[in-house]
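Here is a friendly walk through a protein model, written for someone who will want to look at it while reading. Please keep the viewer open as you go.

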Amino acid sequence: MGMAAESQFHVLAVDDSLFDRKLIERLLQKSSCQVTTVDSGSKALEFLGLRQGIESNDPNALSTAPVNHQEVEVNLIITDYCMPGMTGFDLLKKVKESSALKNIPVVIMSSENVPARISRCLEEGALEFFVKPVRLADLNKLKPHMMKTKLRSQKMEEIEKPSKDENGSVVAAVVSEIKDSTKTEIEILPLQQDPLLVQQGEQMLSTNNKRKSMEEGISTDRARPRFDGITTAV
Amino acid sequence: MDALITQLQRQFRDYTISLYQQGFLDDQFTELKKLQDDGSPDFVAEVLTLFFEDCVKLISNMARALDQTTGNVDYSKVGASVHQLKGSSSSVGAKRVKALCVSFKDYCDTQNFEGCVRCLQQVDIEYKTLKTKLQDLFNLEKQIIQAGGRVPQVDIN
């Protein structure tokens with residue numbers, strides 16, 4: 001199917017240490033994410049400005065040639081706290097203050113376990129705070145959020161495109177459900193009518209299973225009953 | 001050839017376990033191995049190379065900052081390098097190096113010159129010891145592969 005191309009969850013990792021960048025990059029790749037790494041908060045903002053197509057009401061926006069929204073969207077920012085110049089906390093604030101970027105979840109990492117720091121970050125809107133060294137198990141905690149963000153933004157894009165097919169009204173109904181149910185886990189989203197979304201979900205959750213079943217010659221398009229947690233009306 | 005492979009594998013297993021038992025490595029090293037796969041077969045070696053390069057650089061920074069002949073010791077400078085080394089040793093599973101950094105940080109905070117100098121010497125010895133041991137471990141891996149065998153997954157605990 002054609003939609004596989006841009007469906008990888010894209011994470012922007014920010015850390016001034018080359019060593020830590022290498023680590024977080026591998027961790028994210030191992031968690032099936034597409035990764036971009038930068039070594040400072042200002043470079044991160046630059047990347048985000050270019051990629052998210054910040055509107056012209058921001059005088060500091062870096063303009064660029066039209067970028068395909070779908071292909072280079074950032075779905076999560078994970079940043080070190082202690083960095084020279086702009087700290088991870090400063091970056092978090094800037095992201096949350098920007099109308100274009102504020103919906104991107106931000107995760108903070110730190111080698112120091114300071115409760116006051118942790119609560120300050122969470123209060124400022126950080127999704128999670130990880131004490132280094134970050135492990136695969138920590139990133140697994142983010143998977144449900146990855147699902148939700150990816151689905152929501154994909155649906156948004158579908159709404160924005162002038163849709164000629166009769167699925168238009170179904171899509172609109174599903175989108176409002178997603179918007180309302182902010183805490184809903186993927187397992188109970190009633191997406192039976194939309195095989196596109198369920199397939200995306202399946203790709204995110206279990207690429208291994210998909211590969212395995214492809215090798216076994218089983219079509220994964222409608223093989224719902226094999227996967228835990230995805231309800232279906234097949 | 002089989003007997004050789006089996007012997008090498010046993011050596012590898014025993015050596016790995018001893019490194020954990022003697023406190024050279026902790027479970028973060030195990031986590032690193034999990035990140036290595038067919039797509040990134042040299043990940044652990046690359047990370048360790050970066051780590052040991054970091055050691056050389058940071059220890060040299062600390063030594064320079066602790067050099068009294070150039071004036072008063074800037075303990076915050078020393079502390080900054082110790083903090084970085086503590087971070088990377090922790091991320092790599094270098095248990096003894098990390099533990100030394102913890103004491104070292106305390107001496108920096110209390111501006112204890114003798115304590116700092118002692119820690120500097122110890123950290124230098126410790127990272128070099130670890131480097132040698134890991135080199136031996138990697139050599140065993142190579143020998144196993146060259147003999148046509150598979151490097152065993154070693155289950156610690």
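What follows is a short report on the two chains, the place where they meet, and a few residues to look up.

## The model and chain A

Please bear in mind that this is a predicted model. Chain A is built from ten helices and five strands. Of its 234 residues, 43% are buried. Its accessible surface is about 12,200 Å², and carbon and sulfur atoms account for 51% of that.

The contacts inside chain A also say something about its fold. Taking contacts between residues at least 6 apart in sequence, 60% of them join residues at least 24 apart.

## Where the chains meet

On the chain B side, 20 residues are in contact with 13 residues of chain A. Together the two chains bury about 1,600 Å², with carbon and sulfur atoms giving 63% of this area. Between the chains there are also six residue pairs in polar contact, with both partners at pLDDT 80 or more.

Which helices of chain B each supply at least two residues to the side that touches chain A? They are H2 (27–34), H3 (43–65) and H4 (75–92). The largest share, six residues, comes from H3(B). By type, the residues on this side of chain B are seven nonpolar, seven polar and six charged.

## Salt bridges between the chains

Side chains of opposite charge can pair when their charged atoms come close. Between chain B and chain A, the count is five salt bridges. One to look up is the pair Arg26(A) and Asp37(B), whose closest N and O atoms are 3.6 Å apart.

## Salt bridges within the chains

Over all chains, the count comes to 16 salt bridges. In chain A, Lys43(A) pairs with Asp39(A), with the closest N and O atoms 2.9 Å apart. Lys43(A) is partly exposed at 42% relative accessibility, and Asp39(A) is partly exposed at 32%. Another pair in chain A is Arg117(A) with Glu112(A), at 3.3 Å from N to O. Here Arg117(A) counts as buried because its relative accessible area, 12%, is under the 20% cut-off.

In chain B, Asp124(B) and Lys128(B) form a salt bridge, with their closest N and O atoms 3.0 Å apart. Both residues sit in helix H6 (residues 113–146) of chain B, four residues apart, which is about one turn of the helix. Asp124(B) is partly exposed at 23% relative accessibility, and Lys128(B) is partly exposed at 40%.

Gly79(B) lies in helix H4 of chain B. Is this residue, Gly79(B), buried or exposed? Gly79(B) is buried, because its relative accessible area of 8% falls under 20%. Beyond its neighbours within four places in sequence, Gly79(B) is in contact with Lys105(B) and Cys108(B). From Gly79(B) to Val92(B) is 13 residues in sequence and 20 Å in space, C-alpha to C-alpha.

Ser90(B) also has its place in helix H4 of chain B, and it counts as buried at 13% relative accessibility.

## Backbone points to check

Most residues other than glycine have a negative phi, and most peptide bonds are trans. The peptide bond from Lys132(A) to Pro133(A), however, is cis, with omega near 0°. Pro133(A) belongs to the loop between strand S5 (128–131) and helix H6 (136–140) of chain A.

Two residues other than glycine with a positive phi are also listed here. In chain A, Ser32(A) has phi near 65°. Ser32(A) sits in the loop between helix H1 (18–30) and strand S2 (33–38), and it is partly exposed at 29% relative accessible area. In chain B, Gln111(B) has a positive phi of about 50°. Gln111(B) lies in the loop between helix H5 (95–109) and H6 of chain B. Gln111(B) counts as exposed because its relative accessible area of 52% is over 50%.

Note on methods: Residues are numbered from 1 along each chain as its sequence is written. Chains are lettered from A and ligands numbered from 1 in the order in which they are written. This is a predicted model: local features need pLDDT of at least 70, side-chain atom pairs count only at pLDDT 80 or more; totals for chains, interfaces and linings use all residues. Side-chain values use heavy atoms; hydrogens and water are left out. Contact means heavy atoms within 4.5 Å. Buried area is the accessible area (1.4 Å probe) that two parts lose on being put together, summed over both. A salt bridge is a side-chain nitrogen of Lys or Arg within 4 Å of a carboxyl oxygen of Asp or Glu. A polar contact is a pair of N or O atoms within 3.5 Å; within protein, one must be able to donate a hydrogen and the other to accept it, and residues adjacent in sequence count only if both atoms are side-chain atoms. Ala, Val, Leu, Ile, Met, Phe, Trp, Tyr, Cys and Pro count as nonpolar, Asp, Glu, Lys and Arg as charged, and the others, Gly among them, as polar. Buried means under 20% relative accessible area, exposed over 50%, partly exposed in between (1.4 Å probe, protein chains only). Accessible areas come from the Shrake-Rupley method with a 1.4 Å probe; for residues, only the protein chains shown count as cover.
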